[in-house]
Amino acid sequence: MQLQISLTFNVLDLFLNRMVTVSGEIFGFKSIAAYRSGLEINPNVTAKEAEEGLKQDLTAGKPVRVANKDFVDYIFSKSLEVAQSFDLPMQIHTGFGDKDLDMRLSNPLHLRAVLEDKRFLKSRIVLLHASYPFSREASYLASVYSQIYLDFGLAIPKLSVHGMISSVKELLELAPINKVMFSTDGYAFPETFYLGAKRSREVLFSVLRDACIDGDLSIPEAVEAAKDIFARNAIRFYKISSTNSLASSEYSLVSKLSINGSEFDSSLVRIIFVDGSGQHRSRVVPRKRFDDVVAKNGVGLACCVMAMASYVDGPAEGSGLNAVGEIRLMPDLSTRVRIPWSKKEEMVLCDMQIKAGTPWEYCPREALRRISKILKDEFNLEMKAGFENEFYLLKSITREGKEEWLPFDTSHYCSSSAFDAASSILGEISASILSLGISVEQLHAEAGNGQFEFAMGYTTCTKSADNLIYSREVVRAIARKHGLLATFAPKYKLDDLGSGSHVHLSLWQNGKNVFMAADGSSKHGISKIGEEFMAGVLHHLPSILAFIAPLPNSYDRLQPNTWSGAYLCWGNENKEAPLRASSPPGTPNGLVSNFEIKSFDGSANPHLGLAAIIAAGIDGLRRQLPLPEPVDTNPNPEKLQRLPTSLSESLEALHKDDLLKEFIGEKLTVTIKAIRKAEIGHYSKNKDAYKNLIHIY
């Protein structure tokens, strides 16, 4: 007997008539066979071709399995036409799932012929299972085709936690949130419903939390997204009555996110300070607590933190500070900024106070302000400063099981290839610093292997020291982001050049630079006030070094013929002099606009360093000290006094310098001396300990 098969319109009419009678009970169609035979569906299969395909399946033997590609594609296309005519969606299995499919053909990108067919432009198609492992492809389709919607059931809870989170994140990379849904897709045993419901909330919470932290969503937007994904999208899409209990359900994820937008605010504020050894430290609080409490009352800190040396978290012996007592870190709100590399966080500098409004005598920022006020009150002068930051970029390698840090490159001074190799890093550093309102004047490769420098614009002393701290934070963070380590250590490698934080200084009065001579009649192009101030700094430089070159390692850097200044002298544009009179482009001929101190390095507390310099300058002004003749050749060691060759020598000079103790304050000076003594003792006994400085400075 010959089998007669006819896919006539009569069969379709019967199906359509049945649909009319039960349409109110149907929420959508679902296709499994389509992805078993492959999603590269041909929407133009004829009825005759489909009949022949079905005939082949039915005569192939038992058990009968409908798998003919032409027949399946024909039934899918006709079903999609029916679904569209009744404004019903079509769910399609995509990605992983059944074991009898060719995964390569379950990629939803194969649906393009259907999606481009003009007959189906108003259809609504749901891609199930998050299309895993093709979640990104599904997200793309949802973003460019109005017909496509997404459901991440089955992917949750079947994948690993990482897999679930990454799959949902990929779905949300391009797809509009109002086109993403979740169904538990429970199968095999009842517990899968529970696991799906539980895991989905945990996973979506993690995904939306990260989106808030990254700045993609605000907290209120995340709350709305959760409600849409778990309820409202499906209610609208499947046209479920709003009186359905689903619409009024309270989901645990939404509850978590909507406790209170501000209370849940996950952003943090870093309260940054620099201790007596020059280390950057911080206390971190949630932004809400910062705004409600800390901004007015500060945050507590043990007094002894100010007396810690570079190698240990404990107060130096003889510092006068110990485990007893606590101060307040009071945020200076004028320094509050958003962190460029972590935009959900902020940072702020702080003053050290006994209680709100009462300065602590060990506070470096207060010491600088106090001494700056003396300069202003006695001489109506203000010192302005601009720092240059030298640093190394290092990369980590493992050799014989040990970590080693090697320079980023081996190029030379101002090498264009070195800058090109690091341009993405340096560009991000520059942009981040500029975003903080800090002026960057120039960048270049320095003479050391993997060494770079950028110069910042000048400003008032406290602001300049603040800028230096923030710029160091930027450099370290951006380097870390790129898998590198940035270090400002004075001499990270003894057989390479050191790194300084050279500072350019000028004196201002009523908005005018009065360090510079008024005309060309001055012998050195410097005003009398400028010469006296500079003479005071030169006179006290050996003891100032205890503040601006505070580590034993600093003196490995301060060597002859390294452009760091090893002899007690000054010079006109002499890079071997520790004090260099500078006439940058734009300065009138024969005049000097500022002087540079080359001894300052990246391990110094910038506020204390500038405070010591101003104190010395005030002494020069008070005593009208004469400025010696400049050294405009390479310094002659037979004619010039050598600056301290060790921290021990500069500390001895500080012991004899009563003026700095008077200005800095006796208690703070005692603490600084104790820290320096501790550093000397530790590094003299541990010859390789300096190698750890790259992780501290």
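Trainee: Is Ser167 buried or exposed, and at what relative accessibility?

Mentor: Buried means under 20% relative accessible area, exposed over 50%, and partly exposed in between, with a 1.4 Å probe and protein chains only. At 1% relative accessibility, Ser167 counts as buried. This is a predicted model: local features need pLDDT of at least 70, side-chain atom pairs count only at pLDDT 80 or more, and totals for chains, interfaces and linings use all residues. Residues are numbered from 1 along each chain as its sequence is written, and side-chain values use heavy atoms, with hydrogens and water left out.

Trainee: Where is Ser167 found, and which residues does Ser167 touch?

Mentor: Helices (H or I, at least four residues) and strands (E, at least two) are DSSP runs, numbered from the N terminus. Ser167 belongs to helix 8, residues 161-174. A contact means heavy atoms within 4.5 Å. Leaving aside residues up to four places away in sequence, Ser167 touches Ala130, Tyr132, Ser135 and Leu159.

Trainee: Which residue does a cis peptide bond join to Tyr132?

Mentor: Most residues other than glycine have a negative phi, and most peptide bonds are trans. Here, a cis bond joins Tyr132 and Pro133, with omega about 10 degrees. Pro133 lies in the loop between strand 3 (125-127) and helix 6 (135-144). Another cis bond joins Ile156 and Pro157, with omega about 15 degrees; Pro157 is found in helix 7, residues 155-158.

Trainee: What is the phi of Glu400, and what is that of Cys414?

Mentor: Glu400, although not a glycine, has a positive phi of about 55 degrees. Glu400 sits in the loop between strand 14 and strand 15 (402-407) and is exposed, with a relative accessible area of 80%. For Cys414, phi is near 60 degrees, again a positive value in a residue other than glycine. Cys414 is in the loop between strand 15 and helix 16 (416-421), and at 41% relative accessibility Cys414 counts as partly exposed.

Trainee: What volume does the largest pocket have, and which residues lie nearest its centre?

Mentor: Rolling a probe the size of a water molecule over the atoms shows where empty space is left. On a 1 Å grid over the protein atoms alone, a pocket is an open set of points where a 1.4 Å probe fits, with protein on both sides within 12 Å along at least five of seven lines; lining residues have an atom within 4 Å of a point. Grid points are joined across faces, edges and corners, and a volume is the space filled by probe spheres set on the points. The largest pocket has a volume of about 930 Å³. Its lining comprises 40 residues, with Glu388, Glu453, His504, Arg580 and Glu596 nearest the centre. Among the strands that each supply at least two lining residues are strand 14 (382-399) and strand 20 (503-509).

Trainee: What is the volume of the second largest pocket?

Mentor: The second largest pocket has about 340 Å³. Its lining includes Glu403, Trp405, Tyr492 and His695.

Trainee: What radius of gyration does the protein chain have?

Mentor: The radius of gyration is taken over C-alpha atoms, and the globule rule is 2.2 Å times the number of residues to the power 0.38. A compact globule of 697 residues would have a value near 26 Å, but the protein chain has 36 Å. Along its principal axes the C-alpha trace spans about 125 × 55 × 50 Å.
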